[in-house]
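Please look through the sequence and the structure below before reading on. The briefing after them is grouped by topic.

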Amino acid sequence: MALKIVKGSIDRMFDKNLQDLVRGIRNHKEDEAKYISTCIDEIKQELKQDNIAVKANAVCKLTYLQMLGYDVSWAAFNIVEVMSSSKFTYKVKIGLYAHVWICQEIGYISQYDTGVALTGLSCFVTPDLARDLANDIMTLMSHTKPYIRKKAVLIMYKVFLKYPESLRPAFPRLKEKLEDPDPGVQSAAVNVICELARRNPKNYLSLAPLFFKLMTSSTNNWVLIKIIKLFGALTPLEPRLGKKLIEPLTNLIHSTSAMSLLYECVNTVIAGHDVNGSPFLPPFSLALFLFLRFQLCVQKLRILIEDSDQNLKYLGLLAMSKILKTHPKSVQSHKDLILQCLDDKDESIRLRALDLLYGMVSKKNLMEIVKKLMLHVDKAEGTTYRDELLTKIIDICSQSNYQYITNFEWYISILVELTRLEGTRHGHLIASQMLDVAIRVKAIRVFAVAQMATLLDNAHLMTGNVQRKGICEVLYAAAWICGEFSEHLENPMQTLEAMLRPKVATLPGHIQAVYVQNAAKLFATLLKNQEGNTDRTAAQETSQLMIDRLPLFVQSANLEVQERASCILQLVKYIQKLQQKDVEVAEEVIALFAGELNPVAPKAQKKVPVPEGLDLDAWINEPPSESESEDEQPKAIFAKEEPKHSRARHTEVDEKELAKRREARKQEQANNPFYIKASPSSQKVYQEAPGVEHIPVVQIDLSVPLKVPGLPMSDQYVKLEEERRQKERVEKKKKEKKKRKEKRGGRGKKHDSGPESEEDITPAHMVDIVTEEMPLADSEKLPVRSHRAAEALKSPAEDGDAESPASQEPKKKSSKEKREKKKDKDGDRKVSVKNGNPTRETALWMYIYGAEIDIQGNLQDGSQVVVSVIFENKCDNFLKTMEFNVLDSLNSKLQRPEGSGPHDGLSVPFQLPPGVSNEARFVFTMQSIVMPQKLKGTLTFIIKNEDSSTHEKLDFKLHFTCSSYLITTPCYSDAFAKLLESGDLKCSSVRLEGVNMPFHHLLARICFHHHFSVVERIDSCASMYSRSIQGHHVCLLVKTSGQTVSIDAKCDEPTLLGNVLDEIKQTFSQC
Amino acid sequence: MYKNSINFMLLFSRQGKLRLQKWYVPLSDKERKKISRDLVQTILARKPKMCSFLEWRDLKIVYKRYASLYFCCAVEDQDNELITLEIIHRYVELLDKYFGSVCELDIIFNFEKAYFILDEFLLGGEAQETSKKNVLKAIEQADLLQEEAEAPRSVLEEIGLT
């Protein structure tokens, strides 16, 4: 085996690669066929080897040979084998090689194709691919077509990233591209070098002069921005560059109208200074230089911030915050502007402004800024922003140990004011600030205690509202401060009362606990004060108050509160006893809380010496030995593996069990009338089983003929209907007038009276007949029939004019023809009525009622089409033995009962007494539905009167349009998008000019006549879907602008699509 | 992780449905889903009057709404927001020119074209062609090619290059 591999690799050294092959073919111009046949033999040998690389090489060569026109189908298996190899590189390489070679060999058929290959490559460059393709792409960088050069240059960047070694050989060529005559290539090169320089600026310093030239000459803002960015990266390395750049940058800042460029310049200037803060200019010029620089930048930024555009404002503030870091002074002068931004309607801008303010405060302006902010707190809507303001105020004030606060009374009152905020979450933050300030600033305690006592007094304001839950944290601080520094209290008794109010029990547990504890402290202070007096009763009353109120807390559900309360209650009871014996207890009680709490510096712990003999690094217990754990490891592996299997089995069982339970639950839910069932979401179904078959097909179950099933925009029909009725009414009026003129004798009145009104109610039936495509189910025959009768009665009176609505549906030639026939008959009938000659009467009306699709048949058999035909007897005689026959074509056949020949007629299973109509349905079998069909047919029948019977014959044509093979199928937009993404649909499009109707009418028309449903509609653009009986998907995108309607269509069957589009076009060409 | 100026581009509807996504950095499917879900939510929650930039993770998000569609780009920290906005706008212009008053449904229906236009305009996260005319020319040519020579295309498709 090993030997074989070695042999294989040695063989490989002598293998031809693709390049050799091509060279070889060129060199053997005279005996190409012979040369190739030897090559093919070699390839065959190579394919037999185990080495996949060899095979890949062979397949590479094969692809080239195939392109030259040689048959390589014998190697199909090997190609598939290589393609399926794990190394994707081979596939791509084969593809790309194939590609590049086509382009180079067959005379650049398409630069765009190579472009596609390169674009594709950009998505999946791997280090392997990068290494293998670096050379090829480098060659493409000098392609004759700028289009390819541009792409190759950009791809090179990806290659460099994946395979940095390629950079060195490619760099000179890349540099060349900076001066490419094509601006696209040039900008691509600038792009790539800029990106590279950003990663490693040092290597690109040598290019600075070139870029400098570009910067001063280029007018393309895209390129300029990149160059400026590049210089931004280079300046820190070469200080002299910064000096040189000032002028062109300043010029640009002054002259450009492009905000993006301006922003980039300003940013670079700021950032540039950021990095090389060290002076590289002589001191005097440095000062001037910096001054100019920032004056200009800040000035420009001010323009940005003052702009009405939110985006510029935001960026201006962002840049300001960058300047702020190095030059707070130059920003501080724009305080007014930034404070203005706090009023902005955009929250992100306000937050940016807040950030800036944080850095801008000084001792001088702190109060002013905070005052402004407090105003905003009051106005601010939305709790998040208000909370943000609150934290910012506290941040601003407390930053670097309250550095900027000169007056702490002011700060305490700010904090107290903040407690009035509705619904803030930051109660604890305020509380901790209060505690911090009260503890650390001794001078403020008197004031703080007074404020806190007021807070405690008004505690009901905070606890009353549920919304203010967060703020009651403040009470924690208030109670603690009042208790701890109770000696400063003006009216301790009142505060004690406030702390022991029953309402306190509604506060959170931890606050109650502080209340109880601090009530005890207060009590101690009170005792001390009161015992100093001569009147002892006051002290006893205080004890009594404690004993009265504390039991409430003893009952608390909170352990902490309970414990403290019962402890203190017992203590007070004991004190009371002593008091009754006139013992002075105050000193002892106060000793309970003696000692002052001092602030401790964060680093204080360091100053505490480590006690002797304590080694902090030594282990207290022996650490677990490592060898032990190593010994255990193999065991653990086995231990792990075993249960894994059992677990897997276990889950399997579980899954089954789960499924069972799920099923049971579903059953239960189905039976439970109170359970709201999930509507079957088509989306989910789709996801579970991908594939277009799963677009939901709604069973069409018709009870009323006019309802088109599943159409989401049924109201459009109503509109369409209304419009049409209106039109008809007008026409009818005209006709009536005409009629009256013509038939003054009152003839035909009989027809007028009844049917006229009938028509008013059911005008749509006209459409029914004429379109020949209304879906019909068995159940609906009767109502239709009666209307039809009325229709038929009426139409002779209206003569040919009755057809006028028909002109809207002109695409059915056959129906026209038939109508002509009908007209003839009408004429006959009229004559017969007049003359009273019964023999002349033929009079059978036949409506081809629509190539309606048999729904049941559709599911199992997509080739069946049901045609419903209405027969109506218009004469006074009995019609019988009707026979319906159609001349079958190759594609479509009338389904005849078994045993009958292919030319036999089908007998209509009923007879027609005078004036009666009935419907018969005939099933046709279609092989292909992609083309419209016309079938010729005849109907024979016998007219029977009292004494004789005559044979009659009626010829007709059946027209099956492609639209009639489509079924309205609703489709959800997700499923629609998935279908389109599947990518195997063919595209076609059509433009309709001069369509003058509202868009929704247009859509309704397409829905109605061509059985589409609207998937989504946005303004004057709509996507539609339909499905043929054989499951072809037809997708439309309809757009209008002015009178032009463009319809883009996709379908998996191009012929069908073409025909449907033609039909749609015809529908609209006649309106 | 290597750097790009544009890390990814997303198009989504007001309802939060992703209409087009282009990733210029290698990310797993799961990450992509998470990122797009996150971003769509964040952006849809923003009020219409707000500015087009937001900081998100360590990236800057630049987005803009056109009719019912949001266009959203994620760029690196040092990148220029305004030029990114320009890129988005340029892409919209290209779509508009190509489709003729572009609409969300165009992008669903002719999504491959939308991708193609994007590919002609941006390559590997960098703007490759700043001239609208050139991009449209390239696309027209490619359309012609597609009609003329389905065959070589399908070969490419088989190999997985398109």
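Leaving out residues up to four places away in sequence, Thr84(B) touches Val62(B), Cys73(B) and Val75(B). Thr84(B) sits in helix H2 of chain B, which covers residues 81-99. The model is a predicted one. In this model Thr84(B) has a relative accessible area of 2%, and residues under 20% count as buried, so Thr84(B) is buried.

**Chain B as a whole**

- Chain B contains six helices and seven strands.
- Read from the N terminus, the elements of chain B follow the order β-β-α-β-β-β-α-α-α-β-β-α-α.
- Of the 162 residues in chain B, 59% are buried.
- Taking contacts in chain B between residues at least 6 apart in sequence, 49% join residues at least 24 apart.

**The five-stranded sheet of chain B**

- Strands of a sheet pair through backbone hydrogen bonds, and the pairing is either parallel or antiparallel.
- In chain B, five strands make an open sheet with the order E2-E1-E5-E4-E3, and the pairing is antiparallel.
- Which strands stand at the edges of this sheet? They are strand E2 (18-23) and strand E3 (53-56) of chain B; each has a single partner strand, so one side of each has no neighbour in the sheet.
- On average, and with direction ignored, neighbouring strands of this sheet are turned by 20 degrees against each other.
- Four bridges pair E3(B) with strand E4 (residues 59-66) of chain B in the antiparallel sense.
- Phe53(B) has Val62(B) in E4(B) as its bridge partner; Val62(B) is also one of the residues that Thr84(B) touches.
- Helix H1 (residues 29-45) of chain B lies across strand E1 (6-13), E2, E3, E4 and strand E5 (69-75) of chain B. The angle between H1 and E1(B) is about 60 degrees.

**Two loop residues with positive phi in chain B**

- Most residues other than glycine have a negative phi.
- Arg57(B) is not a glycine, yet its phi is positive, at about 50 degrees. Arg57(B) belongs to the loop between E3 and E4 of chain B.
- Is Arg57(B) buried or exposed? Its relative accessibility is 51%, and the cut-off for exposed is over 50%, so Arg57(B) counts as exposed.
- Ala67(B), also not a glycine, has a positive phi of about 50 degrees. Ala67(B) is in the loop between E4 and E5 of chain B.
- With a relative accessibility of 63%, Ala67(B) counts as exposed.

**The four-stranded sheet of chain A**

- Chain A has an open sheet of four strands, ordered E5-E3-E7-E8, with antiparallel pairing.
- Strand E5 (906-907) and strand E8 (949-960) of chain A are the edge strands, and each has a single partner strand, so one side of each is left without a neighbour in the sheet.
- Strand E7 (residues 933-944) of chain A is joined to E8(A) by twelve bridges, and the two strands run antiparallel.
- Leu939(A) has Leu954(A) in E8(A) as its bridge partner.

**Helix packing in chain A**

- Two packed helices are described by the angle between their axes and the distance between the axes.
- The axes of helix H25 (residues 445-457) and helix H27 (residues 473-484) of chain A come within 9 Å and cross at roughly 125 degrees. H25(A) and H27(A) are therefore oblique to each other, and their crossing is left-handed.
- Helix H29 (residues 509-532) of chain A packs with H31(A) at an angle of about 15 degrees, and their axes are 8 Å apart. That makes H29(A) roughly parallel to H31(A), and H29(A) passes H31(A) in a left-handed crossing.
- Where H29(A) and H31(A) meet, H29(A) contributes residues including Gly509(A), Phe523(A) and Leu527(A). Among the residues from H31(A) are Glu560(A), Ile568(A) and Gln579(A).

**A buried glutamine in chain A**

- Gln576(A) lies in H31(A), which spans residues 559-580.
- At 15% relative accessibility, Gln576(A) counts as buried.
- Not counting residues up to four places away in sequence, Gln576(A) touches Ser543(A), Gln544(A) and Ile547(A).

Methods
Residues are numbered from 1 along each chain as its sequence is written. Chains are lettered from A and ligands numbered from 1 in the order in which they are written. This is a predicted model: local features need pLDDT of at least 70, side-chain atom pairs count only at pLDDT 80 or more; totals for chains, interfaces and linings use all residues. Side-chain values use heavy atoms; hydrogens and water are left out. Buried means under 20% relative accessible area, exposed over 50%, partly exposed in between (1.4 Å probe, protein chains only). Contact means heavy atoms within 4.5 Å. Two strands pair if DSSP finds at least two bridges between them. Axes are lines fitted to C-alpha atoms, for helices over the stretch in contact, and angles run from 0 to 180 degrees between N-to-C directions. Angles under 35 degrees count as roughly parallel, over 145 as roughly antiparallel, 65 to 115 as roughly perpendicular and the rest as oblique. A crossing is left-handed if the near helix is turned anticlockwise from the far one by less than a right angle, and right-handed if clockwise.
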